[in-house]
Amino acid sequence: MTATVDYQQLNGVALAYMGDASYEVIIRRHLIAEGLAKPNHLQKKATHYVSAKAQAALISLMEQDSILSEDEWTMFKRGRNAKSYTHAKNTDVVTYRISTGFEALMGYLALSGRQDRVDELGQWCIEQVEAGRTE
């Protein structure tokens, strides 16, 4: 049985939980398609795409390149401003909150049935990382 989710009522952290998984699958699929198979190498390479620092840089590029719609920005802000009970382990709080906003955006899109947009943004993110724009 599948439960119906009212994504409009979810807080930013719950959206980020879903978005983290959605984005991670896109990146893992990409890395496997690139022929990477060793777990340690996969994890090291994935960090370039999914770390808080990378996600914060990607959001900055999305703003610079005018990639997101108004409602997508709203969901990003909901995630960024959400009260989180976890602490950043490897980055500063500001970067961590921005990356939470990135994940909330992806979660919002996934839960609202817009997987095509999740895939589109995921591919855009891959292109930006590979072009060296997040460094």
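Mentor: Let's start with a term we will need: two residues are in contact when heavy atoms lie within 4.5 Å. This is a predicted model, where local features need pLDDT of at least 70, side-chain atom pairs count only at pLDDT 80 or more, and totals for chains, interfaces and linings use all residues. Residues are numbered from 1 along each chain as its sequence is written, and side-chain values use heavy atoms, with hydrogens and water left out.

Trainee: Which residues is Tyr 23 in contact with, leaving aside its neighbours within four places in sequence?

Mentor: Tyr 23 meets Tyr 49, Val 50, Gln 55, Leu 58, Phe 102, Met 106, Gly 122 and Cys 125.

Trainee: How many residues does the largest nonpolar core have?

Mentor: Two ideas come in here. Buried means under 20% relative accessible area, exposed means over 50%, and partly exposed is in between (1.4 Å probe, protein chains only). A nonpolar core is a set of buried Ala, Val, Leu, Ile, Met, Phe, Trp, Tyr and Cys residues joined through side-chain atoms within 4.5 Å. Here the largest one has 32 residues, and Tyr 23, Ile 27, Tyr 49, Met 62 and Phe 102 have the most contacts inside it.

Trainee: Which elements give two or more residues to this core?

Mentor: Helices are DSSP runs of H or I with at least four residues, strands are runs of E with at least two, and both are numbered from the N terminus. The contributors are helix H1 (12-33), H2, H3, helix H4 (70-80), helix H5 (93-111) and helix H6 (115-130). H5 gives the most, with seven residues.

Trainee: At what angle do the axes of H2 and H3 cross?

Mentor: An axis is a line fitted to C-alpha atoms, for helices over the stretch in contact, and angles run from 0 to 180 degrees between N-to-C directions. The axes of H2 (residues 39-50) and H3 (residues 52-64) cross at roughly 35° and come within 6 Å. On the H2 side are Thr 47, His 48, Tyr 49 and Val 50, which meet Ala 52, Ala 54, Gln 55 and Leu 58 of H3.

Trainee: Is Ser 99 buried or exposed?

Mentor: Ser 99, in helix H5, has a relative accessible area of 4%, so it is buried. Not counting residues up to four places away in sequence, Ser 99 touches Ala 52 and Gln 55. The Ser 99 side chain also reaches the backbone oxygen of Tyr 96 at 2.8 Å.

Trainee: What does Trp 124 touch, not counting residues up to four places away in sequence?

Mentor: Trp 124 touches Leu 58, Leu 61, Met 62, Asp 65, Ile 67 and Arg 133. Trp 124 lies in helix H6 and is buried, at 13% relative accessibility. Trp 124 and Met 62 are 62 residues apart in sequence and 9.3 Å apart in space, C-alpha to C-alpha.

Trainee: Where is Ser 66?

Mentor: Ser 66 sits in the loop between H3 and H4. With a relative accessible area of 62%, Ser 66 is exposed. Ser 66 has a positive phi of about 50° although it is not a glycine.

Trainee: Which residue does the UniProt annotation "active site" cover?

Mentor: UniProt positions are given in the numbering used here, feature names are shortened, and annotations may be inferred rather than shown by experiment. According to the unreviewed UniProt entry, the "active site" annotation covers Asp 20. Asp 20 is found in helix H1 and is partly exposed, with a relative accessible area of 32%.

Methods: A polar contact is a pair of N or O atoms within 3.5 Å; within protein, one must be able to donate a hydrogen and the other to accept it, and residues adjacent in sequence count only if both atoms are side-chain atoms.
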